[in-house]
Amino acid sequence: MESENNVMKKEKQKLGVFDILKEAITIYVKNLNFIFFTFLTSLPLFCIMVYFETQLQETLIETYYIFVNIPKEDILYGNFGYMLDLMSREYYYLKFIQLGLIYIFPLHVLEFGTAIVTINLASKLSSQQENNDMSLKEMFHKPVDSSKLRGSFHTFVYVVFLTATHQVGLLGIVINYFLFSRHLSFVVFTVICSLLFAMVLKMYLEWISTWNMSLVVSVLEGIYGIDSLVLSVNFSRGCHRNGLFIMLIFFVWRHFLRFSCYYIGGYQQGNGTFIQVGLFCMVVPLKWVVFMIYFHDCKDRYLEKKRDEELGKDVRVP
């Protein structure tokens, strides 16, 4: 009977993707003060993202028309002088530099602030020791420890660097696909690009789920930098499928909103961008609650596996 109870307990501990999402939504909506608090902490991120998305979509439109107007012969012979002439305009480069600086500094720093307060509070709300009806005043009076804040930011820098470099690789594949898919003579190349993009995207989503979990490790475990990344890799072994689908959901949601806004010309009207960014920022705190639960699930599985291995060794010892 005891062994059966242990098996049932182990099965209960293992969460699927939808179990994690369901538990995260339950934690998120259980306390209205928590929703309002995350809304307030997300306001600066919302403001900077409205400006960033407007500029980004305008730049994407300009880049699209530059690529569309490249003559077929230039693509065939690798002569991109026409494209370089158009892109050499001073304002075009300044836009890219401006977008890059916004993306690296204020955008990610504000997302870091939202992430760390959300993870910290969600962890307290989900624990049995804490009162789920925590008041808004209590939330504001429970700041993150300054040393933990510095250490977590150290981890976040690694996460941003790894994420940005892999995004550049994905962008390079997309650009090549767009250029060469316009001509049937490059059909084999476009197929290769499609397969390569799918493979790289799969690896990117699996890895970014591990990198995001490393920030949760820093906030909750007090382990920072490379050590948190290594620990996150160890915890996520055997859970990559869950991490992949969790990130896929948020990845699809973000780009669905972006391309929907692009399709209707929301960046020109203004209201479309506000709605797009508003819907995205509503999900940002939920994403970090999801990763907090994902971390606990991965950690429980890792410790359970380690205990089983130690028990197996003890049994084999004569």
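These legends accompany several close-up views of one predicted model.

**View 1. Confidence across the predicted model.** The protein has a mean pLDDT of 81, with 80% of its residues at 70 or more. Among its elements, helix α10 (residues 225–235) has the highest mean pLDDT, 94. At the other end of the scale sits helix α1 (residues 2–13), whose mean of 45 is the lowest. Over residues 1–12 the pLDDT stays under 50, and for this stretch the model has two contacts beyond four places in sequence. Where pLDDT is low, the predicted coordinates should not be read in detail.

**View 2. The largest nonpolar core.** In soluble globular proteins, nonpolar side chains tend to be buried together. Here the largest nonpolar core holds 68 residues, and the members that touch the most others are Phe34, Ile246, Val289, Val290, Ile293 and Tyr294. Helices α2 (17–30), α3, α6, α8 (146–180), α9, α10, α11 and α13 each give two or more residues to this core. Helix α13 supplies the largest share, with 15 residues.

**View 3. A closer look around Ile246.** Ile246 is one of the core members with the most contacts to other members. Leaving aside residues up to four places away in sequence, Ile246 touches Val17, Ile20, Val290, Phe291 and Tyr294.

View 4. Glu58 belongs to helix α3 (residues 32–68) and Lys95 to helix α6 (residues 90–126), so the pair ties together parts that are 37 residues apart in sequence.

View 5. Lys202 pairs with Glu206 in a salt bridge whose closest N and O atoms are 2.9 Å apart. Both residues lie in helix α9 (residues 187–221), and because they are four residues apart, about one helical turn separates them. Lys202 is partly exposed, with a relative accessible area of 43%, whereas Glu206 is buried, at 16%.

View 6. Glu221 forms a salt bridge with Lys299, and their closest N and O atoms lie 2.9 Å apart. Glu221 is in helix α9 and Lys299 in helix α13, so this pair ties together parts that are 78 residues apart in sequence. With 32% relative accessibility, Glu221 counts as partly exposed.

**View 7. A nonpolar patch on the surface.** Our last stop is on the outside of the protein. Phe245, Leu248, Val252, Trp253, Phe256, Ile275, Leu279 and Met282 form a nonpolar surface patch, and together they have about 720 Å² of accessible area. Two elements give two or more residues to the patch: α11 (240–263) and α13 (271–316). Helix α11 gives the most, with five residues. Ile275 is a member that lies in helix α13, and Ile275 counts as exposed because its relative accessibility is 54%, above the 50% cut-off.

Definitions and conventions. Residues numbered from 1 in each chain as written. Heavy atoms only, no water. Patch = residues over 30% accessible without salt bridge, like charges linked within 9 Å, V, L, I, M, F, W, Y side chains within 5 Å. Areas by Shrake-Rupley, 256 points an atom, 1.4 Å probe, with all protein chains shown as cover. Salt bridge = Lys/Arg side-chain N within 4 Å of Asp/Glu carboxyl O. Buried < 20%, exposed > 50% of the residue type's maximum accessible area, 1.4 Å probe, protein only. pLDDT = per-residue confidence, 0-100. Contact = heavy atoms within 4.5 Å. Core = buried A, V, L, I, M, F, W, Y, C linked by side-chain atoms within 4.5 Å.
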